[in-house]
Amino acid sequence: MAFTLPALPYSYGALEPHIDAQTMEIHYTKHHQAYLNNLNNAIKGTDADNLGIEEIIKNISKYPMPVRNNGGGLWNHTFFWESMAPNSGGEPSGVLGVAIDAAFGSFTKFKEDFSNAGITRFGSGWAWLVVQDGALKIGSTPNQDNPLMDISELKGSPILGLDVWEHAYYLKYQNRRPDYIGAWWNTINWEQVSRRFHDAK
Ligand code: MN
């Protein structure tokens with residue numbers, strides 16, 4: 001069974017002005033679609049053809065590089081779209097808000113540490129907030145790797161992820177990755193992140 005592209009949960013322009021419509025459209029219809037197509041080609045006729053994407057991701061060391069890159073690309077982008085929503089951002093409330101304060105000192109400090117994880121990831125990759133052995137941890141991964149992968153240096157259940165590939169921001173922000181990251185905070189769907197936190201604990 002070939003994988004299919006999950007629907008984008010909002011319109012291309014829904015996250016304006018923080019993420020522009022053209023970037024969203026290209027990111028979803030070209031990049032996410034290409035990861036999907038390349039993954040389907042890479043697993044066609046192999047045992048992986050009958051597995052779910054998370055099962056493949058969690059055992060990624062068993063697979064060749066095209067499955068790692070494109071399977072990661074498929075999973076990461078679906079996770080990324082769901083991490084954002086129109087008219088969102090702000091600060092998380094409830095259990096997650098309390099846990100972030102406890103783990104990082106304050107939301108401001110968390111925001112600074114997470115932003116730095118994205119800013120300092122050399123080249124292409126992702127910044128993550130994960131639940132690792134019950135505790136919140138910030139880190140980053142290269143390329144399309146993610147913390148669910150058995151080969152990942154950063155391990156845990158991701159609850160928030162940020163794409164810092166240039167294709168995620170270059171049209172609007174050019175080389176200014178910190179500006180993109182600063183604007184992205186206005187798009188975070190904290191209700192979704194809180195649900196993931198609840199499930200991960
Ligand atoms: Mn991307």
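Trainee: Which backbone nitrogen does the side chain of Asn40 reach?

Mentor: This is a predicted model, and in it Asn40 sits in helix H1. Apart from residues up to four places away in sequence, Asn40 touches Ala2 and Phe3. Its side chain comes to 2.8 Å from a backbone nitrogen, that of Phe3.

Trainee: Is Asn40 buried or exposed?

Mentor: The relative accessible area of Asn40 is 15%. The cut-off for burial is under 20%, so Asn40 counts as buried.

Trainee: How many of the 18 residues of H3 are buried?

Mentor: Helix H3 covers residues 65–82 and reaches 26 Å from its first C-alpha to its last, close to the 26 Å expected at 1.5 Å a residue. H3 is largely enclosed by the rest of the structure, because the number of its 18 residues that are buried is 13.

Trainee: Which residues touch the most other members of the largest nonpolar core?

Mentor: The largest nonpolar core has 58 residues. Trp184 is in contact with Ile19, Phe80, Met84, Phe114, Leu160, Gly161 and Leu162, leaving aside neighbours within four places in sequence. The residues that touch the most other core members are Phe110, Phe114, Leu136, Trp184 and Trp190.

Trainee: Which backbone oxygen does the side chain of Gln132 reach?

Mentor: Gln132 lies in strand E1 (residues 125–132) and is partly exposed at 24% relative accessibility. Not counting residues up to four places away in sequence, it touches Lys137, Lys155 and Gly156. The side chain of Gln132 comes to 2.9 Å from a backbone oxygen, that of Lys155.

Trainee: What distance separates the C-alpha atoms of Gln132 and Lys201?

Mentor: Gln132 and Lys201 are 69 residues apart along the chain. Their C-alpha atoms are separated by 9.0 Å.

Trainee: Where is Asp133, and what is its phi?

Mentor: Most residues other than glycine have a negative phi. Asp133 is in the loop between E1 and strand E2 (135–142), and it is exposed at 81% relative accessibility. Although it is not a glycine, Asp133 has a positive phi of about 50 degrees.

Trainee: What is the phi of Gln174?

Mentor: Gln174 is found in the loop between H6 and helix H7 (177–184). At 30% relative accessibility it counts as partly exposed. Gln174 is not a glycine, yet its phi is positive, at about 45 degrees.

Trainee: Is the peptide bond from Glu16 to Pro17 cis or trans?

Mentor: Most peptide bonds are trans. Pro17 is placed in the segment before H1. For the bond from Glu16 to Pro17, omega is near 0 degrees and the bond is cis.

Note on methods. Residues are numbered from 1 along each chain as its sequence is written. This is a predicted model: local features need pLDDT of at least 70, side-chain atom pairs count only at pLDDT 80 or more; totals for chains, interfaces and linings use all residues. Side-chain values use heavy atoms; hydrogens and water are left out. Helices (H or I, at least four residues) and strands (E, at least two) are DSSP runs, numbered from the N terminus. The expected span of a helix is 1.5 Å times one less than its number of residues. Buried means under 20% relative accessible area, exposed over 50%, partly exposed in between (1.4 Å probe, protein chains only). Contact means heavy atoms within 4.5 Å. A polar contact is a pair of N or O atoms within 3.5 Å; within protein, one must be able to donate a hydrogen and the other to accept it, and residues adjacent in sequence count only if both atoms are side-chain atoms. A nonpolar core is a set of buried Ala, Val, Leu, Ile, Met, Phe, Trp, Tyr and Cys residues joined through side-chain atoms within 4.5 Å.
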